[in-house]
Each structure stands twice: as C-alpha cells, then as structure tokens.
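Please walk through this fold one element at a time. The paragraphs that follow take the sheet, then the helices, then a hairpin.

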Amino acid sequence: MKDILIRDSSGGWREPLARGYANEAELQQTLAAHPQLIPGVSEGARTCREFQTEVGPADILVLEPDGTLTLVECKLASNRQVRREIIGQMFDYASRLWTMQLEDFDRRWRERRLDSPFDGATDSGIDLRAAVEANLQNARFRLVLAVDTINRDLRRIVEFLNRSLGSEISVVAVEYVRAVDGEIEILVPRSYGAEIAEVKRRGDDRQKETWDLEKHRQWMQEHDPDSLERFNQLIEQGKAIGLDYFGTASAEPTGGLRIITADETWIGTLYCYYYTGQRTSLELSFGKVRSHVGRGSLQPELDRFLSQIESDPAFAEAARLMRESGFSKRPNIPFSRLSSGSVHLLIDAVRPLISARAS
C-alpha cells in the first residue's frame with residue numbers, strides 16, 4: 001500500500017520502514033495528548049483517558065471550552081471488534097453518559113485526571129457546568145471511532161447512523177495512518193462521516209435559541225399558553241427567595257432555577273422543559289445532594305423538604321421516587337397538574353434548603 005512515500009538522500013522514493021501501532025493504547029495515548037487531531041474538536045479541549053462508566057472505561061472523553069462532549073473509541077484492524085462490536089460499545093458508553101448527574105461526571109473525571117473538568121474554566125461568558133449538564137441531560141455527544149484502517153463495512157455503518165440519528169448525536173470514523181522511518185514518525189488522519197456530521201451540527205445550531213426569560217415566556221405564550229400562569233408564578237415566587245432564572249441553548253425552551261445553599265453549594269435545580277405530548281413540565285433535579293447526604297449533611301433539611309411536598313398530590317409520586325432512589329431519579333410533573341397552591345408549597349419547601357449549609 002503506497003499511499004505514503006519517503007524520499008531519501010539518494011533521490012528515490014520508497015515506502016516507510018514500518019507502519020501501524022504496537023497496540024490500541026498507543027493510538028489512544030496519541031489522541032489524548034493531541035485532541036486537535038480529532039475532527040471538530042476546538043482549541044483548548046481537555047481529554048480524560050479511560051473515563052469509567054458502569055459498563056467499562058471509554059477510551060477518551062473530550063471536553064471542549066463550550067461544554068461539547070466527544071467520546072472516542074480506539075480500535076485496530078487486527079481487532080475483530082473494529083466492524084461491529086465497536087459500534088455497540090460506543091453507544092453503550094454514550095447511554096451511560098446520558099442523564100449522568102453533573103457531580104457524578106465530575107467525580108469520575110477526577111478519579112482519572114486528579115483534577116476537576118471545571119478547573120480553570122475560561123471567562124468566555126459560558127456557564128461550563130450548565131452547558132455540560134444540558135449536554136448530559138439531552139444526550140448531545142459526538143462519537144468518534146478511531147481506527148488504523150477504515151473498511152467498507154465501517155464506512156457504510158457510519159453513513160447509515162448519521163442519516164438515521166437525530167442532530168444531537170453525530171458519528172465520525174477516522175483512519176489514523178501511522179508510518180515510522182527511523183526517528184521520523186508520520187501520522188495522517190483521514191475522516192469519514194465528518195461532512196455529514198457538520199451539516200447536521202449546522203442545522204441544529206440554526207434551530208437553537210439561548211432561552212432568556214423573555215424569550216421563554218414569549219414562546220410559551222404562543223405554543224403552551226395553558227402552562228404560562230404557573231410558570232410565571234414559579235419564576236416570580238422563586239425570585240422572591242433568591243432563585244434566579246437561567247436558560248440554556250436548545251431547540252425548545254429550556255431553563256430553570258438553581259438551588260444554592262448558604263455556603264454557595266449548588267445542590268439542585270428546578271428545571272422547566274417542554275416535552276411534546278405533555279407540554280411544559282417541571283423537573284425536580286437533586287442529584288447533586290447525594291455526596292452531602294453520604295457525609296450526613298443536609299439530610300434533615302432534605303427529609304423535611306420531601307415530607308412537605310409529598311403532602312400535595314401533584315408532588316407525592318415525585319417525592320417517593322426521590323426518596324427511594326436517594327435523589328438519583330429526576331421526576332418531572334406537567335405544569336398542567338400544578339395548582340397555585342402546589343407552586344407556593346414547593347417554593348416554601350425549598351426556602352430552608354437555601355438557608356442550610358452543605359458542609
């Protein structure tokens with residue numbers, strides 16, 4: 001295969017003395033050290049090798065300054081998994097990232113890197129924590145299959161997946177051809193599927209809005225007016241106790257109220273999402289409190305919070321799910337099921353949490 005030739009001092013052209021990689025770890029190490037070799041990855045990206053999931057370690061997880069997440073799986077042609085099993089493995093890892101709590105993501109990253117993914121975040125105006133949390137919640141990932149040889153079957157699978165999947169997930173295969181000649185090493189990346197993925201990304205970006213409060217209200221007035229009164233009540237009563245609205249970039253309105261304790265620990269969020277079929281819903285997301293409960297802090301306040309909201313039928317099932325799951329479940333309640341009294345009760349139950357100390 002003469003796709004790389006070297007011209008020596010004799011003036012003649014010849015093939016390099018060696019090709020390929022000793023093992024998959026060698027390819028993985030190269031990409032982790034030089035993430036700019038991964039299609040679509042921007043300057044300033046950070047990488048975590050062997051990011052642990054419930055089904056095993058993902059080879060490389062890339063985090064960009066804007067919160068974009070890329071999963072990279074490395075396989076060599078000598079590995080029989082390169083054609084089929086690599087696809088299932090990649091989607092298995094992605095499914096474990098989906099809805100992962102931000103605190104859990106932070107912990108797993110630190111276990112491998114010994115630093116937080118959010119250390120040294122730039123002052124670009126982007127709330128990196130909120131961006132990562134939104135990407136985890138909405139399964140917005142890039143998936144990259146890094147191989148030493150792209151075969152016809154893998155190309156066909158990548159094209160099929162990109163045409164079949166929604167715009168939130170893109171799949172790219174990259175052939176990293178490596179040649180070695182004495183002390184000289186040459187690496188030639190050749191991607192497949194990147195063009196289709198870029199078209200999907202641009203289309204998705206055109207559809208996204210950054211939902212400030214006024215835009216969120218205007219959209220609901222037009223598309224979900226029946227939920228607007230309770231939404232406004234939640235925002236106004238939340239503001240009265242110090243909970244400020246924040247919005248994120250998405251195709252449909254997404255925002256919420258962060259619950260932050262007296263010692264400035266973010267322990268939960270009251271999210272407002274729009275779901276086709278049930279319209280705008282309120283999600284109770286308290287996964288961040290789990291590490292504090294494990295140390296014994298916040299437990300009395302959280303017990304009182306659950307006891308208070310479960311007295312309202314609208315929140316009874318949500319309270320049960322959070323209690324039984326140790327706050328790992330994130331129940332959502334359609335605004336259509338909430339009364340004025342339900343919203344008032346919820347905000348009243350949150351008030352002691354923001355006066356508490358998590359440590």
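Helices (H or I, at least four residues) and strands (E, at least two) are DSSP runs, numbered from the N terminus. Asn-332, for instance, lies in strand E16. The model is predicted, so local features need pLDDT of at least 70 and side-chain atom pairs count only at pLDDT 80 or more, whereas totals for chains, interfaces and linings use all residues. Residues are numbered from 1 along each chain as its sequence is written, and side-chain values use heavy atoms, with hydrogens and water left out.

Asn-332 has a relative accessibility of 30% and therefore counts as partly exposed; buried means under 20% relative accessible area, exposed over 50%, and partly exposed in between (1.4 Å probe, protein chains only). The C-alpha atom of Asn-332 is separated by 9.8 Å from that of Glu-317, 15 residues apart along the chain.

Two strands are said to pair if DSSP finds at least two bridges between them. An open sheet of five strands runs in the order E11-E13-E14-E15-E16, with antiparallel pairing. Its edge strands are E11 (245-247) and E16 (332-334), each of which pairs on one side only. From one strand to the next the twist averages 25 degrees. Within the sheet, E13 and E14 (residues 266-275) pair in the antiparallel sense over seven bridges, and Gly-256 stands opposite Tyr-271 in E14. Helix H11 (residues 313-325) packs on the sheet, where it touches E15 (279-285) and E16, and its direction makes about 40 degrees with that of E15. Axes here are lines fitted to C-alpha atoms, for helices over the stretch in contact, and angles run from 0 to 180 degrees between N-to-C directions.

Thr-254 belongs to strand E13 (residues 254-260). Is this residue, Thr-254, buried or exposed? Thr-254 is buried, because its relative accessible area is 9%. Contact means heavy atoms within 4.5 Å. Leaving aside neighbours within four places in sequence, Thr-254 is in contact with residues including Trp-211, His-216, Tyr-245 and Cys-272.

Two packed helices are described by the angle between their axes and the distance between the axes. For helix H10 (residues 299-309) and H11, the axes come within 8 Å and cross at roughly 150 degrees. H10 is therefore roughly antiparallel to H11, a label for angles over 145 degrees, with under 35 counting as roughly parallel, 65 to 115 as roughly perpendicular and the rest as oblique. Among the residues that meet are Phe-305, Leu-306 and Ile-309 in H10, and Phe-315, Ala-319 and Met-322 in H11.

Helix H12 (residues 340-355) has 16 residues and reaches 24 Å from its first C-alpha to its last, close to the 22 Å expected at 1.5 Å a residue. The expected span is 1.5 Å times one less than the number of residues. The buried residues of H12 include Val-343, Leu-346, Ile-347 and Val-350, and what covers them includes helix H8 (225-240), E13, E14, E15, H10 and H11.

Helix H3 (residues 102-113) has twelve residues, which should span 16 Å, and its end C-alpha atoms are 16 Å apart, in agreement. Among its buried residues are Leu-102, Phe-105 and Trp-109. The buried residues of H3 pack against E14 and other elements, including helix H4 (128-138). Leu-114 follows H3 and has a positive phi near 65 degrees.

Strands E8 (residues 169-181) and E9 (residues 184-192) pair in the antiparallel sense over nine bridges. Leu-187 in E9 is the bridge partner of Arg-178. E8 and E9 form a hairpin with two residues between them, and Gly-182 in the turn has a positive phi of about 65 degrees.
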